[in-house]
Amino acid sequence: MRKLIFFPLAVSAGMTLASGASASAQSPVYRGEVIPASAAPLEGVWQIDLKASGLPGYGASVPALTAEGEAGRRENQSRRKNNDTSFDLTAHCSNPGTPRLMSLPEPIQIVARGDDVTVLFQWNHLYRQIHVDGKAHEVEYPTATGMSVGHWKGSELIVDVAGRNDKTLLDDAIPNSADLKVEERYKVTENGTRLSYTVTLTDPKFLARAWIRHFVFDKVPNGKIGDDSCLDRLLEKQKSVPDGF
Amino acid sequence: MKSSAVLTVSVAVLVLLAGASEGAQISGGPGVSEQAVSTSGAPPEGLPPMPPGGSDGPPPEIPVPSFMQGYLNVPADNPAPIADPHNLEGAYLNLHFFMPGLRKDYPWKPEAFQRAKAAADSLGEGVPKGSLSDVCRQPGMTTELDLNFPFKILQTGTEVILLFEEYHSVIRVHMNEPMPAKIKTSYEGYSIGHWEGDKLVIETKGIDSRTNLGLSPAPHGPNLSQTLTIEKKKGGQELELNFTFDDPDNYTRPWSLEPIRVNWRPDLGALQEYDCEETVGLTQHMTPDGIRADQ
């Protein structure tokens, strides 16, 4: 089995120690207790602005596709029109993967620490960890969300995702290959009330050139993530995700 | 085709998982050896059978199974636990193994015992009906915290959040809030928490009746009131978890599980992706709608 070892591009800067930490020459400090100063604005509950993000219902964009990408997209759209969603594992609640998870209408929550930035999704109680500890992280096997390694550049969190599997879709129709590479950038703007999320996707098999998408989230003061069981929604004859997502 | 499903060491759950992913390769986390990979549906070697007919008391602890030996390797450079007794953040692992079986010593009411026995008997039939885990639902807080795979605790200003690999479970404890008058039933229930000295006290209500209490088939009803205390021990190298249940519909008195001890393991904080839902519709046990095929 091929293994990838994923090294971070840079070391976190601007670190401060939380109170109570006990650093000594003999005992390493638990990085999870260290909260980077740049991370604090990212924490909290965020709700995607569908209109500002150009998501379904608000003029969702179609990227430049290779011939294979266009053929795959058209076939998937045709199958969906005929009520065949077997190409879309998310239709029966499988993990939508990165970046499709970030485009869903349900709120997200971010908890940032010196070892991981954890993004928690209301959708089907999923979460993913972005490792910011400066260590190498091995891709044991490809997954829907991949292996995410990030670093801080000032107040911007830059994340590289590797080890993606080919079982997911980039949206509700465009397939991705196992060679998909994802770069994410998270930046809080407008006095902490908006989160700018930019994702760059490269996939030589299906994308003719890099696809850059830009989503915007609003901070939800005192927000809470609710409970969600996707499979139970299927039992209630609801869809796993809204049409177009 | 590799699935993201993760093995557990309880035979009860092993049978469930082997049934749910028959024909698929299973891989575990960093502590699980290749010996654990099974395509036949049979439990891996290194585990004793469950006590036939159940047990009359707490089961004895068994040695760490051979395929979990990798978890015994604690890195020499693991950082020390956080000094603050009110800061539980970090990754933990339960390295104590038991084969619970059907516990005849719980203070059962007769009907509840019969339900538990039927669930225990179903394990031997090859189509387990005793746990939500076989249909990719969260099996509940007591089961998840008693399993032998890493979990992580995060604390924000208002919540304590527990993250589990299995079933990508997330448990939220709303700190210093009153219990709501109306609670929507869920697999993890609704939890509130507060500190009593250095002990975190978590009260949970509204837990779905289809979850079990602990690793045994121990059903409960909708009126269950559950209390969990979490306290650092041994300078933070361990957490001790104590569950108490008050369910007068099913048990003759409040009762407690044996204390659960988990080890401080910051080296295991990178949790694996878990995608049980990928198998929906792909096995003979679960339909495309995510319900048991024999329902």
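Tutor: In what follows, helices are DSSP runs of H or I with at least four residues, and strands are runs of E with at least two, numbered from the N terminus. The model is predicted.

Student: How many helices and strands does chain A have under that definition?

Tutor: Chain A has two helices and 11 strands. In sequence order the pattern reads β-β-α-β-β-β-β-β-β-β-β-β-α.

Student: What makes the run at residues 230-235 of chain A a helix?

Tutor: The run at residues 230-235 is helix α2 of chain A. A helix needs at least four residues in a DSSP run of H or I, and this run therefore qualifies.

Student: What makes Cys93(A) and Cys230(A) a disulfide?

Tutor: The S to S distance between Cys93(A) and Cys230(A) is 2.1 Å. The cut-off is 2.5 Å between cysteine sulfur atoms, so the pair is a disulfide. The angle about the S-S bond is -75 degrees, and the link is left-handed. The pair joins distant parts of the chain: Cys93(A) lies in the loop between α1 (67-81) and β3 (108-112), Cys230(A) lies in helix α2, and the two are 137 residues apart. Both cysteines are buried.

Student: How many disulfides does a search of the whole structure find?

Tutor: There are two over all chains. Cys136(B) and Cys276(B) form a disulfide with an S to S distance of 2.0 Å. Their link is left-handed, with -75 degrees about the S-S bond.

Student: Why are Cys136(B) and Cys276(B) called buried?

Tutor: Buried means under 20% relative accessible area. Cys136(B) has 6% and is therefore buried. Cys276(B) has 6% and therefore is buried also.

Student: Why is Gln138(B) called buried?

Tutor: Its relative accessible area is 4%, so Gln138(B) falls under the 20% limit. Gln138(B) sits in the loop between α2 (110-123) and α3 (141-146) of chain B.

Student: Which side chains make polar contacts with the side chain of Gln138(B)?

Tutor: The side chain of Gln138(B) makes a polar contact of 3.1 Å with that of His125(A). The side chain of Glu188(B) is also joined to that of Gln138(B), at 3.1 Å. The limit for a pair of N or O atoms is 3.5 Å, so the distance to His125(A) lies within it. Apart from neighbours within four places in sequence, the residues in contact with Gln138(B) include Leu132(B), Glu144(B), Tyr167(B) and Thr211(B).

Student: What is the phi of Tyr167(B)?

Tutor: Phi of Tyr167(B) is near 60 degrees, a positive value in a residue other than glycine. Most residues other than glycine have a negative phi. Tyr167(B) lies in the loop between β5 (159-164) and β6 (170-175) of chain B. With a relative accessible area of 4%, Tyr167(B) is therefore buried.

Student: Why does Lys234(B) count as exposed?

Tutor: Exposed means over 50%, and Lys234(B) has 61% relative accessibility, so the term applies. Phi of Lys234(B) is near 50 degrees, also a positive value. Lys234(B) is in the loop between β9 (225-233) and β10 (238-246) of chain B.

Student: What kind of peptide bond joins Thr98(A) and Pro99(A)?

Tutor: The bond between Thr98(A) and Pro99(A) is cis, with omega about 15 degrees. Most peptide bonds are trans. Pro99(A) belongs to the loop between α1 and β3 of chain A.

Student: Why is Ser38(A) called buried?

Tutor: Ser38(A) has a relative accessible area of 14%, which is under 20%, so it is buried. Ser38(A) is in the loop between β1 (4-6) and β2 (44-48) of chain A. The C-alpha atoms of Ser38(A) and Ser155(A) are 4.9 Å apart, although 117 residues separate them along the chain.

Student: Which residues lie nearest the centre of the largest pocket?

Tutor: They are His131(A), His137(A), Gly269(B), Ala270(B) and Leu271(B), out of 45 lining residues. The volume of the pocket is about 1100 Å³. The lining divides into 19 nonpolar, 14 polar and 12 charged residues. Its largest share, four residues, comes from β5(A).

Terms used:
Residues are numbered from 1 along each chain as its sequence is written. Chains are lettered from A and ligands numbered from 1 in the order in which they are written. This is a predicted model: local features need pLDDT of at least 70, side-chain atom pairs count only at pLDDT 80 or more; totals for chains, interfaces and linings use all residues. Side-chain values use heavy atoms; hydrogens and water are left out. Buried means under 20% relative accessible area, exposed over 50%, partly exposed in between (1.4 Å probe, protein chains only). A polar contact is a pair of N or O atoms within 3.5 Å; within protein, one must be able to donate a hydrogen and the other to accept it, and residues adjacent in sequence count only if both atoms are side-chain atoms. Contact means heavy atoms within 4.5 Å. On a 1 Å grid over the protein atoms alone, a cavity is a set of points where a 1.4 Å probe fits but cannot get out, and a pocket is an open set with protein on both sides within 12 Å along at least five of seven lines; lining residues have an atom within 4 Å of a point. Grid points are joined across faces, edges and corners, and a volume is the space filled by probe spheres set on the points. Ala, Val, Leu, Ile, Met, Phe, Trp, Tyr, Cys and Pro count as nonpolar, Asp, Glu, Lys and Arg as charged, and the others, Gly among them, as polar.
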